[in-house]
Amino acid sequence: SIREYDIPVVAGGPFCTYASEKVVECKDIDFIIRGEGEAPLRELCLALANDTSYKDIANLGYREDGRLVKNGLRAAMDLNDIPFADYAIFENDNKQTLYRPMNGKIYKTIGLETMRGCPFKCSFCNSASHNPLYREESGSTFFRKKKMSRVAEELEYMVSTIKPELIYMLADVFLMMTDKEFDEFYEIYSSYKLPFYFHTRAETVKEEQVRRLEELNCLRGNVGVEHGNEEFRRDVVFRKIKNKDIERAFEIVGNSSISTAANNIIGFPTETRELIFDTINLNRKIKHGVDSVSAFIYSPYHGLPSRELAIKKGYLSPDVVADTNPQNASVLEMPDLTNETLRGLQRTFTMYVRFPKDRWDEIRKAEDLTPEGDMVFESLSEELLIEYAAG
């Protein structure tokens, strides 16, 4: 629809990074950017504006004689050199696009990046895939942290200009800090104490830090569980952590004033119904320390080790593009776990976690994607909302 304006179209992101040949099949896309886009996009804009060559811009992909030319990746950039995000553009003409719901209230919300990438190797996450890609193509490390002095500058700029009411800490594992870094963050943020929320992993949760996060007015912390079977979690999900350590992390946060969310994934390649109930049972053990329980259906994004496993097992054609709405359906065809089973378990996941086990036969009926199953599901949903509104 913008072709009439003769505007070049540039696509970027993980899909362009790991499936560039598929992206370039779309004739409405003129350029792709693999990996980080801040610097190459600026350089491309300058080249187009000045009518100079863009063919040597690292990270850029373009068509030449009907084929895709992919330039190599540049080294991961210094986060401290990136300009502050220009959230002011979202407030022009009385727009209210910065407002977001959280814990039952509406907040003017911005994101604040403290680090980029992740040091872990989870098989379901593109962030983990960036590490070997950058190591191979540029010899650099993708996981980086921003200096706390730079975080302080950006925070002051955002508070003085945008005046946010809530801050989302943009980090895959926010609490992946040394004690010195946490002390610096605590000192910086003590001057503001704006409500904020973050994502982290159970391994990073420490009792003393959680206590100090309370003092900083931390509103919410989302912690990844992902799977409840230790062996499957280690061998398929690539997360080496014991259940007891996950339980301990949620006990620590649950004993604080910080709202918690437990994130789970179902439908991994080779998973079974029984393995999903291992995840449900682990969530039952931590439910008293959790305000919100979620279950997302696995999506085989390009560049993931778990996608390669699905292809190897014959669950997925290499040509399939991951569903754009993976929460509602699976694109895998697994003999022991149908899409209908997954959808039924997803919609009843929180019920299995919250209700006592003597209600499980009733919940099982709500899994069925039939008019009768929908009636049971609606009835149990109303009860769940009344009895367990927080989760």
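The model is a prediction in which local features need pLDDT of at least 70 and side-chain atom pairs count only at pLDDT 80 or more, while totals for chains, interfaces and linings use all residues. Residues are numbered from 1 along each chain as its sequence is written, and side-chain values use heavy atoms, with hydrogens and water left out.

**View 1. An open sheet of four strands, in the order 1-2-3-4, has mixed pairing.** Strands here are DSSP runs of E with at least two residues, and helices are runs of H or I with at least four, numbered from the N terminus; two strands pair if DSSP finds at least two bridges between them. Strand 1 (10-12) and strand 4 (67-70) are the edges, each pairing on one side only. Neighbouring strands are turned by 25° against each other on average, direction ignored (axes are lines fitted to C-alpha atoms, for helices over the stretch in contact, and angles run from 0 to 180 degrees between N-to-C directions). Look for helix 3 (residues 38-50) packing on this sheet, where the helix touches strand 1, strand 2 and strand 3 (60-64); contact means heavy atoms within 4.5 Å. The direction of helix 3 makes about 155° with that of strand 2. Strand 1 and strand 2 (residues 31-33) run parallel, joined by three bridges, and Gly12 stands opposite Ile33.

**View 2. Strand 5 (residues 99-102) and strand 6 (residues 105-113) form an antiparallel pair over four bridges.** Here you can find Met102 opposite Lys105 in strand 6. Two residues lie between the strands of this hairpin, and Asn103 takes a positive phi near 55°.

**View 3. The largest cavity holds about 50 Å³ of space.** On a 1 Å grid over the protein atoms alone, a cavity is a set of points where a 1.4 Å probe fits but cannot get out, and lining residues have an atom within 4 Å of a point. Grid points are joined across faces, edges and corners, and a volume is the space filled by probe spheres set on the points. The structure holds two cavities of 30 Å³ or more. Thr114, Met115, Lys145, Lys146, Met148, Phe174, Met177 and Glu181 line the largest one, giving four nonpolar, one polar and three charged residues (Ala, Val, Leu, Ile, Met, Phe, Trp, Tyr, Cys and Pro count as nonpolar, Asp, Glu, Lys and Arg as charged, and the others, Gly among them, as polar).

**View 4. The second largest cavity holds about 40 Å³ of space.** Its lining includes Leu175, Phe198, Gly221 and Ile258. Helix 7 (207-215) and strand 11 (218-226) each supply at least two lining residues. Eight residues of this lining are nonpolar, one is polar and none is charged.

Key: On a 1 Å grid over the protein atoms alone, a cavity is a set of points where a 1.4 Å probe fits but cannot get out, and a pocket is an open set with protein on both sides within 12 Å along at least five of seven lines; lining residues have an atom within 4 Å of a point.
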